[in-house]
Amino acid sequence: MLVNMNEVLIPAKKNHYAVGLFNAVNLELARGIINAAESTRSPVIMGTAEVLLPYGPLEEVSYYLIPMAKKASVPVVVHLDHGLSFDLCVKALELGFSSVMYDCSTDTYEENVRKVKEMADLAHSYGATIEGELGHVGDNEGSAEGSSHLADPSKFFTDPKLAKDFVDKTGVDALAIAVGNAHGAYKLPPKLDFERIRTIAKTVDVPLVLHGGSGLTDNDFRQAIKEGISKVNIFTDINVAAVEAEFKKFSSMDKGIIDLIPAAVEAVKQESMKKMKLFSSDGKADMGRNTTSSVDLDAITKLVAEEVAKYLKK
């Protein structure tokens with residue numbers, strides 16, 4: 001069933017587990033993720049990011065993500081991750097995404113607040129949820145998720161003193177924080193600032209998000225979730241698992257794409273299941289079902305057509 005983030009993250013925050021966001025830039029990734037969620041009875045967040053659109057255009061991705069979410073037997077959020085422009089986030093909402101992240105983290109604090117607040121009002125008018133970022137999560141070299149390599153990431157860590165003000169002023173439903181994490185594969189073991197996570201979690205009421213989950217140790221995940229993380233973003237691990245499975249399956253030139261697809265789907269399923277069990281979201285599909293109603297996007301879109309037109313004219 002298609003839901004927004006509140007339905008899966010509010011119960012996660014309350015019961016001290018986390019829900020994974022897995023990017024799905026093609027049908028094989030999406031099938032593996034959904035299969036994993038249904039097999040483990042786990043809620044799941046599935047989507048794409050603006051930097052991944054060259055590999056799967058937003059509109060084309062929406063053709064399979066949203067119908068698959070609606071048909072799934074577990075709660076599925078369809079989320080645009082790291083939307084960097086207002087227009088793209090609006091397009092995602094119009095296509096039926098039930099959640100967006102408007103990443104204005106490289107702007108000034110005042111601009112970040114102003115722009116995210118504007119998008120939050122619009123997203124909520126669709127019945128969708130919104131994630132913001134305070135501080136800035138950089139990228140490891142070669143990351144598919146971005147290219148903002150930071151010489152000293154600690155200078156961009158989330159300030160706990162600003163976190164509550166940001167959440168209160170913007171109305172975001174989830175907050176991505178920078179605590180030593182980075183997108184892509186880590187070349188050196190990351191050192192997460194668990195005390196900072198704990199402090200922010202005590203300061204704000206909304207669920208906290210950890211980007212750059214691929215490559216962290218199991219203990220890192222457990223500790224981060226214990227301290228207050230409710231959503232973990234994963235892409236590199238499932239991306240690599242899929243291609244490794246295809247390489248193993250491809251033994252001669254008489255193999256075709258249909259020989260490789262099942263291997264990729266199964267590899268993504270297995271890797272996603274590992275993460276769901278590690279995050280303790282397995283068996284939680286029915287938890288908090290009444291936190292918010294499921295998203296009736298068609299009805300909501302009709303009601304807010306004039307509101308959307310007003311924003312687009314700006």
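This report describes salt bridges in a predicted model.

## Overview

Side chains of opposite charge can pair when their charged atoms come close. In this model, 11 salt bridges are counted. Those discussed below involve helix α6, helix α9 and helix α10.

## The pair in helix α6

Asp165 and Lys169 form a salt bridge, with 3.3 Å between the closest N and O atoms. Helix α6 spans residues 160-170, and because the two partners are 4 residues apart within this helix, about one helical turn separates them.

Both partners fall into the partly exposed class: Asp165 has a relative accessible area of 26%, and Lys169 has a relative accessibility of 45%.

## Lys275 and its two partners

The side chain of Lys275 meets that of Asp237 in a salt bridge with an N to O distance of 2.9 Å. This pair links distant parts of the chain, as Lys275 lies in helix α10 (residues 257-278) and Asp237 in helix α9 (residues 236-249), 38 residues apart. Lys275 is buried, its relative accessible area being 8%, whereas Asp237 is partly exposed at 22% relative accessibility.

Lys275 also forms a salt bridge with Glu271, at 2.8 Å from N to O. Here both residues belong to helix α10 and are 4 residues apart, about one turn of the helix. Glu271 has a relative accessibility of 16%, so this residue counts as buried under the 20% cut-off.

Conventions. Residues numbered from 1 in each chain as written. Predicted model: local features only at pLDDT ≥ 70, side-chain atom pairs only at ≥ 80, totals over all residues. Heavy atoms only, no water. Salt bridge = Lys/Arg side-chain N within 4 Å of Asp/Glu carboxyl O. Helix = DSSP H or I, 4+ residues; strand = E, 2+ residues; numbered from the N terminus. Buried < 20%, exposed > 50% of the residue type's maximum accessible area, 1.4 Å probe, protein only.
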